[in-house]
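Welcome, and thanks for taking a look at this one with us. Below is a short briefing to read alongside the sequence and the 3D view.

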Amino acid sequence: AVSFFNGIAWSKILGSGTNDFNAVWYSGSNSAWLVGKNRTVYRWNGSTLTALTGVPGSGSANFIGVHGRADDDVVIADEVGGWYRFKSGVWTNGNLSYTNQPYAMRAVYVDGLGKARIVGRCSNATATAKGCVGYNDPLSASNPNTWYEDLDNSASTTDGFLSVGRPVSGTTEAWVGRSPTNVVRRHLITGTYDAIGWPGVIFMM
């Protein structure tokens, strides 16, 4: 079920059926995307909740996150490394490389330039689980449609990343958080990590 707060009171939104939702992203005061179990995708227009059809791909993987920079540039992530991008009315989709599977992805973030990150847990060459970031830079001159992966091999923990956002300082980097060790790492779009600990910055999700 989905509820809406209008600034005064909460009310249940009809039309969501019995679907279990995992994430919601508001692109405007009267526009939202909701995703959940069994590839569920809904759109909210301020008054009506409508199931969205036409999402490419197959299977029953749960959608775990949705984020974008506008209504016409949105990325959805599933729990097993799949990504689905809706841009200018056209869907594209794919998977992170199978090199670092199995995946257990948890969140997605798209910055103001359209650069996307999916975070969670992957495995390295020795099958050790590590936090990882899958990312795409559509502004890349050589590989605008390619997704890459960066494992946090410097960390001793096998905990995956649970959240991702950016500091107010810019859009070429993102901060990724891990629990229960309460560590925040800064990930650069060039494919590296360069900070460990708590950065003391304000997040804009």
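Is Asp20 buried or partly exposed? At 43% relative accessibility, Asp20 counts as partly exposed, because the cut-off for buried is under 20% and that for exposed is over 50%. Please keep in mind that this is a predicted model. The points below go through strands, cores, aromatic rings and salt bridges in turn.

**Strands and sheets**

- Strand S1 (residues 2-5) and strand S2 (residues 10-13) run antiparallel and are joined by four bridges; Ser3, for instance, has Lys12 in S2 as its bridge partner.
- These two strands make a hairpin with four residues between them, and in the turn Gly7 has a positive phi of about 100°.
- Six bridges hold S11 and S12 in their antiparallel pairing, and one of the residue pairs to look for is Ala107 with its bridge partner Val119 in S12.

**Nonpolar cores**

- The largest nonpolar core has 15 residues, of which Val75, Met105, Ile118, Cys122 and Trp147 touch the most other members. Strands S8 (73-78), S11 (104-110), S12 (116-123) and S14 (147-151) are the elements that give two or more residues to this core.
- Another core lies apart from the largest one and has 13 residues, including Trp25, Val55, Phe63 and Val74.
- Trp147 is worth a click: leaving aside residues up to four places away in sequence, Trp147 touches Val75, Trp83, Leu96, Ala116, Ile118, Gly134, Tyr135 and Asn136.
- As general background, nonpolar side chains tend to be buried together in soluble globular proteins.

**Aromatic pairs**

- Seven aromatic pairs turn up in a search of the whole structure.
- In one of them, the ring centres of Phe21 and Tyr42 are 5.5 Å apart with the planes at 85°, so this pair is edge-to-face. Because Phe21 sits in strand S3 (residues 21-28) and Tyr42 in strand S5 (residues 40-44), the pair ties together parts that are 21 residues apart in sequence.
- Tyr42 counts as buried, at 10% relative accessibility.
- Phe86 and Trp91 have ring centres 5.2 Å apart and planes at 55°, so their pair is tilted. Phe86 is buried at 17% relative accessibility, and Trp91 is buried with a relative accessible area of 18%.
- Ring pairs also bring Trp33 into a cluster with Phe86 and Trp91.

**Salt bridges**

- There are five salt bridges in the structure.
- Asp20, the residue we started with, forms one of them with Lys37, and their closest N and O atoms are 3.7 Å apart. Lys37 lies in the loop between strand S4 (31-36) and S5, and Asp20 in the loop between S2 and S3, so the pair ties together parts 17 residues apart in sequence.
- Lys37 is partly exposed, with a relative accessible area of 39%.
- Arg43 and Asp71 meet through their side chains in a salt bridge of 3.2 Å, N to O. Asp71 is in the loop between strand S7 (63-70) and S8, while Arg43 is in strand S5, so this pair ties together parts that are 28 residues apart in sequence.
- Asp152 and Arg185 form a salt bridge with closest N and O atoms 2.8 Å apart, and both residues are buried.
- A network of salt bridges links Arg69, Asp73 and Arg85.

How values were computed. Residues are numbered from 1 along each chain as its sequence is written. This is a predicted model: local features need pLDDT of at least 70, side-chain atom pairs count only at pLDDT 80 or more; totals for chains, interfaces and linings use all residues. Side-chain values use heavy atoms; hydrogens and water are left out. Two strands pair if DSSP finds at least two bridges between them. A nonpolar core is a set of buried Ala, Val, Leu, Ile, Met, Phe, Trp, Tyr and Cys residues joined through side-chain atoms within 4.5 Å. Buried means under 20% relative accessible area, exposed over 50%, partly exposed in between (1.4 Å probe, protein chains only). Contact means heavy atoms within 4.5 Å. Rings of Phe, Tyr and Trp (its six-membered ring) pair if their centres lie within 6.5 Å; planes under 30 degrees apart count as stacked, over 60 as edge-to-face and the rest as tilted. A salt bridge is a side-chain nitrogen of Lys or Arg within 4 Å of a carboxyl oxygen of Asp or Glu.
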